[in-house]
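Please have the sequence and the model open as you go through the points.

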Amino acid sequence: MPTFDKSEGALLYVQVSDFVREKIYSKDWGVDEPIPSEHELMGMLHLSRGTVQKGIRQLVDEGLLVQQRGRGTFVVQPVMARPSSNRLLSFGESMSAQGVEFETRVVERRVERAGAICAENLQIEPGDDYLYLCRVRYVRHRAVMLIESHLNLSACPGLEEVDFSSESLFAAVERMSGREIGRSEMVYTARVAGKKRGGYLECDEHAPVLELDQLVRLADSTPFEWGSVWLPANRCVISNETRRA
């Protein structure tokens, strides 16, 4: 069971954050449950109110806690789960399949000329046009993912005219290309949000996020999407079910 021991090598508010974080990670304090009040933590840790507040604020900025006026401070419940399986679903399709209501906002879209790396991934020529599309998905008015896509316009002509706030990318691609979507290649990496993406995801720029780098192909292996999905920690989870052969 986590205990609090003051250390000379770390700032006191950082030690408060570490103590509370460990209580949550060790499941002593559960999801959707209130943590002890500021006064209770002051008594438990023998620290000033300002130090406790600063430590708690750091965890709120990380997305691990949420403060509710008049109710207290609660361990955050992830608002969206992403099942991982052999079936290829877009994130929107996955959320719909779980009955999760969401809103999509297009925050950036522009036709760009492909550089060497983009051209290589989309299998187009350097200098060819592609569509850069940046969307934020919201669940219960909270940003749960940022999706940045580089889209192959030669494989899907007219894609730049689609209203992606109301139509999913996968549906639009199959409609515009006349071909089915085949497979995807994905790599997950732990990151910090950074200033720009933290702004879109409404989290601190130093907050932990999971980046899903993906290349998605049509059924004939033509790549149509290369990009990243950014998932804020403690708002999204990846779930998986496996069976022993």
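Glu-185 and Arg-217 join their side chains in a salt bridge, with 2.8 Å from N to O; the term stands for a side-chain nitrogen of Lys or Arg within 4 Å of a carboxyl oxygen of Asp or Glu. This pair ties together distant parts of the chain, as Glu-185 belongs to strand β7 (residues 181-192) and Arg-217 to strand β8, 32 residues apart. The model is a predicted one, in which local features need pLDDT of at least 70 and side-chain atom pairs count only at pLDDT 80 or more, while totals for chains, interfaces and linings use all residues. Residues are numbered from 1 along each chain as its sequence is written, and side-chain values use heavy atoms, with hydrogens and water left out.

**Terms for the elements and for burial**

- Helices (H or I, at least four residues) and strands (E, at least two) are DSSP runs, numbered from the N terminus.
- Buried means under 20% relative accessible area, exposed means over 50%, and partly exposed lies in between (1.4 Å probe, protein chains only).

**Salt bridges**

- Searching the whole structure gives 14 salt bridges.
- Glu-211 has 8% relative accessibility and so counts as buried, while Arg-191 is partly exposed, with a relative accessible area of 41%.
- Between Arg-110 and Glu-112, the closest N and O atoms of the salt bridge are 2.4 Å apart.
- Arg-110 counts as partly exposed at 36% relative accessibility, and Glu-112 is partly exposed too, with a relative accessible area of 27%.
- As background, side chains of opposite charge can pair when their charged atoms come close.

**Helix α6**

- Helix α6 (residues 169-177) has Leu-169, Phe-170, Ala-172, Val-173 and Ser-177 as its buried residues.
- These residues lie on the same side of α6 because they cover an arc of only 160° around the axis, where the arc is that of the directions from the helix axis to the C-beta atoms.
- An α-helix has 3.6 residues a turn, so residues three or four places apart point the same way.
- Just after α6 comes Gly-178, with a positive phi of about 75°.

**Positive phi outside glycine**

- Arg-140 is a residue other than glycine, yet its phi is positive, near 50°.
- Arg-140 sits in the loop between β5 (129-139) and β6 (142-152), and counts as exposed at 59% relative accessibility.
- Ser-221, not a glycine either, has a positive phi of about 80°.
- The loop between β8 (208-218) and β9 (223-232) holds Ser-221, which is partly exposed, with a relative accessible area of 33%.

**Confidence**

- The protein chain has a mean pLDDT (the predictor's confidence in each residue, from 0 to 100) of 85, and 84% of its residues reach 70 or more.
- Within the protein chain, confidence is highest in strand β4 (residues 103-113), at 95, and lowest in strand β3 (residues 80-84), at a mean of 51.
- Where pLDDT is low, the predicted coordinates should not be read in detail.
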